[in-house]
Amino acid sequence: MRRLLPVLLLAALMLVGGLASPAGAHPMSTSAVLLDIGEDRVEGEVQLPIDRLAIAVHRDLTRDSVLGTDRAFLKRYVARHVSAVGENGTPWAVTLGTASVRTIDGAAHLVLPLTIRPPDGHVTDFDLRYDVVVEELLTHRVIVTVRYDFDRGILKADDARTLGVFDWDTRSLKVPAGEGSWVRGFATTAGLGIEHIGEGADHLLFLLMLLIPAPLVAAGGRWRAAAPSARRSIVRVVHVVTAFAVGHSLTLALAAAGVIDVPTRPVETLIAFSIAVSAVHALRPLVARGEVFIASGFGLVHGLAFASLIGDLGLGRVFKRS
């Protein structure tokens with residue numbers, strides 16, 4: 001164990017530099033559909049990461065090509081994979097606007113304005129059917145957010161709510177014409193947060209460093225072998241993982257409610273620092289049985305990172321209407 005710890009510490013410190021950048025720390029394969037629900041139409045936009053889009057359409061795409069030689073092809077591709085159907089089964093008209101390229105969460109995205117119009121000019125509940133990218137990539141997720149009453153011009157940035165997620169299994173979502181349930185939106189976001197913990201290399205490395213000393217005890221400022229006890233080790237593992245999940249969920253909830261808003265770069269720097277702290281603790285205990293405190297404290301920081309990701313995907317967006 002003593003020989004293994006310095007190797008793990010070195011590996012952690014080498015990875016910290018890469019994890020300090022948003023793109024390196026959070027490799028979630030995620031795009032977004034943003035909707036504003038009005039009385040006679042639905043407006044919004046589709047945000048597509050160019051690298052994932054390239055895989056889905058089997059083409060080499062660049063920031064220049066998606067607005068040039070590949071523009072017409074990509075617009076047709078998206079149009080074939082987006083549709084809306086009213087409660088009576090009648091198709092609604094879906095049109096795409098002029099494409100642009102925007103950097104979101106550190107990655108280049110193709111952004112397409114979207115307008116959905118019911119045939120009778122009155123928006124009611126409808127089914128949105130969407131499988132752009134997800135029809136090819138099993139791991140891709142599409143976060144769908146909604147805002148209401150945009151015709152009245154009284155929308156604020158924090159009016160957006162998470163409606164649901166498109167993925168390989170879910171390609172249709174019911175979009176309510178009236179205010180949706182914030183409970184459903186929060187539950188969806190919380191579910192993504194849990195998935196984010198499992199997919200984020202920063203989270204896994206942080207927890208790994210804290211779990212290494214699980215079978216050891218702190219004595220005299222050093223880790224020492226303890227009497228073999230599977231139950232003790234399991235309990236410590238559960239405590240550490242639970243503390244991290246609680247901290248992660250708490251800041252995610254506060255950020256989703258608009259209570260806190262922290263820029264992405266300082267958060268990513270703190271995440272890198274948290275990994276270094278956990279690695280040092282794995283070598284020499286900073287605080288006796290301090291894994292739970294470290295996990296919960298830095299879990300708060302890691303939760304902010306996911307909240308920043310959701311924000312970058314468009315929860316705080318403002319659409320320009322024609």
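The model is a predicted one, in which local features need pLDDT of at least 70 and side-chain atom pairs count only at pLDDT 80 or more, whereas totals for chains, interfaces and linings use all residues. Residues are numbered from 1 along each chain as its sequence is written, and side-chain values use heavy atoms, with hydrogens and water left out.

The protein chain contains nine helices and 12 strands; these are DSSP runs numbered from the N terminus, helices being H or I with at least four residues and strands being E with at least two. Of its 322 residues, 48% count as buried, where buried means under 20% relative accessible area, exposed means over 50%, and partly exposed lies in between (1.4 Å probe, protein chains only). The chain exposes about 15,400 Å², and carbon and sulfur atoms supply 60% of that area; accessible areas come from the Shrake-Rupley method with a 1.4 Å probe, and for residues only the protein chains shown count as cover. A contact is a pair with heavy atoms within 4.5 Å. Among contacts between residues at least 6 apart in sequence, 72% join residues at least 24 apart.

The interior may be described through its nonpolar cores, each a set of buried Ala, Val, Leu, Ile, Met, Phe, Trp, Tyr and Cys residues joined through side-chain atoms within 4.5 Å. The largest core has 42 residues, and those with the most contacts inside it are Leu 35, Leu 48, Leu 53, Leu 110, Leu 128 and Tyr 130. Helix 3 (residues 50-57) supplies the largest share of this core, five residues. A second, separate core of 14 residues includes Val 240, Phe 244, Phe 298 and Leu 304. Returning to Leu 128, its contacts beyond neighbours within four places in sequence include Val 33, Leu 35, Ile 116, Phe 166 and Arg 171.

Charged side chains form a further set of links. A salt bridge is a side-chain nitrogen of Lys or Arg within 4 Å of a carboxyl oxygen of Asp or Glu, and by this rule the count comes to seven. In one of them, Arg 102 pairs with Glu 45, the closest N and O atoms being 2.9 Å apart. Arg 102 lies in strand 5 (residues 100-104) and Glu 45 in strand 2 (residues 42-49), so this pair ties together parts that are 57 residues apart in sequence. Arg 102 is partly exposed at 34% relative accessible area, whereas Glu 45 is buried at 8%.

Asp 127 and Lys 174 also form a salt bridge, at 3.4 Å from N to O. Because Asp 127 lies in strand 7 (residues 126-130) and Lys 174 in strand 10 (residues 172-175), the pair ties together parts that are 47 residues apart in sequence. Arg 171, already named as a contact of Leu 128, meets Asp 131 in a salt bridge (3.4 Å, N to O). Arg 171 is partly exposed at 29% relative accessibility, while Asp 131 is buried at 16%. Elsewhere, salt bridges that share partners join Asp 40, Arg 41 and Glu 43 into one network.

On the surface, Val 280, Leu 286 and Val 287 form a nonpolar patch with about 240 Å² of accessible area together. Such patches are made of residues with over 30% relative accessible area and no salt bridge, like charges being joined within 9 Å and nonpolar side chains (Val, Leu, Ile, Met, Phe, Trp, Tyr) within 5 Å. Val 287 is placed in the loop between helix 8 (264-283) and helix 9 (291-315), and Val 287 counts as partly exposed at 46% relative accessibility.
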